Amino acid sequence: QRSIMKYLLITCIFLWNLFGIAAAGPDKDQVLKMLEGRHWKLDLRAFNKLGEDADIILIEIAENDSLMNVIRFRALEVLSLFPTDNTAAFLEDTAEKAFTPMARRGFETMKRSFAKTKPEKVKRLATKLLKHRNANIRISAARYIRSVDQTLYKSFINTEKESWVRKAVQK
C-alpha cells in the first residue's frame, strides 16, 4: 500500500507541476528573448502562442525605460496582436504622453489593433492628437481622421498653423 501511495503522490506532484507550467503563461525573460535580434521580424505564430497575460508582459517591457528603445518599440508592435482593454488603455496613454517616437508608434499600433473593432476609440484618440505638440504625431492623426471624418479633417487643415504639416497630411 505504501508503494501505491508513493506512486500516487509522485504522479500528483508531476501532474501538478505540468499543469502549473502549462497554465503559467509567458515568462518575461522568454518574451524579451523573442524581441531581441539584429534581424528581428514579427513572428505571428510564436507570439500568438504566448497566450493570456502576454499583453501585460509586453506593456511592462514597452514602458520600461531602462531597456533599449528598439526592444520597447518591438513590444509595442507585438501588442497589436493582443487587442485587449489593457492594450487599448496603454496605447492611448503612450500616444498622448510618451516621448515622440514612442508616442507615434503607440498611435500606429492603436490604429492597427483597434481601427476595425473599436473605431470610435481610435477616432477619439486621433482627435486629441490633432493638438499634439509634435507635428509628426499631428500628421499621423490627421491622416487617420481624413479616412474617417472629412469635416474634422477640413477643420484641422484650416486651423493647422504649420504649412508644411498641412502639405504632409495631404500626401
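The paragraphs below lead through the salt bridges of this structure and then through its largest pocket.

This is a predicted model, in which local features need pLDDT of at least 70 and side-chain atom pairs count only at pLDDT 80 or more, while totals for chains, interfaces and linings use all residues. Residues are numbered from 1 along each chain as its sequence is written, and side-chain values use heavy atoms, with hydrogens and water left out.

The structure holds eight salt bridges, a salt bridge being a side-chain nitrogen of Lys or Arg within 4 Å of a carboxyl oxygen of Asp or Glu. In one of them, the side chains of Lys118 and Asp85 meet at 2.8 Å, taken from N to O. This pair links distant parts of the chain, since Lys118 sits in the loop between α7 (100-114) and α8 (119-129) and Asp85 in helix α6 (residues 85-97), 33 residues apart; helices here are DSSP runs of H or I with at least four residues, numbered from the N terminus. Lys118 is partly exposed at 21% relative accessibility, whereas Asp85, at 55%, counts as exposed; buried means under 20% relative accessible area, exposed over 50%, and partly exposed in between, with a 1.4 Å probe and protein chains only.

Another salt bridge joins Glu96 to Lys128, with the closest N and O atoms 3.5 Å apart. Here too distant parts of the chain are linked, with Glu96 in helix α6 and Lys128 in helix α8, 32 residues apart. Glu96 has a relative accessible area of 28% and is partly exposed, and Lys128 is also partly exposed, at 43%.

Within helix α7, Glu108 and Lys111 lie three residues apart, about one turn of the helix, and they form a salt bridge whose closest N and O atoms are 3.2 Å apart. Glu108 is partly exposed at 27% relative accessibility, but Lys111 is buried, with a relative accessible area of 18%.

The largest pocket has a volume of about 210 Å³. A pocket is an open set of points on a 1 Å grid over the protein atoms alone, where a 1.4 Å probe fits, with protein on both sides within 12 Å along at least five of seven lines, and its lining residues have an atom within 4 Å of a point. Among the residues that line the largest pocket are Thr127, His132, Arg138, Phe156 and Glu162. Helix α10 (residues 150-159) gives the most to this lining, with four residues.

Methods: Helices (H or I, at least four residues) and strands (E, at least two) are DSSP runs, numbered from the N terminus. Grid points are joined across faces, edges and corners, and a volume is the space filled by probe spheres set on the points.
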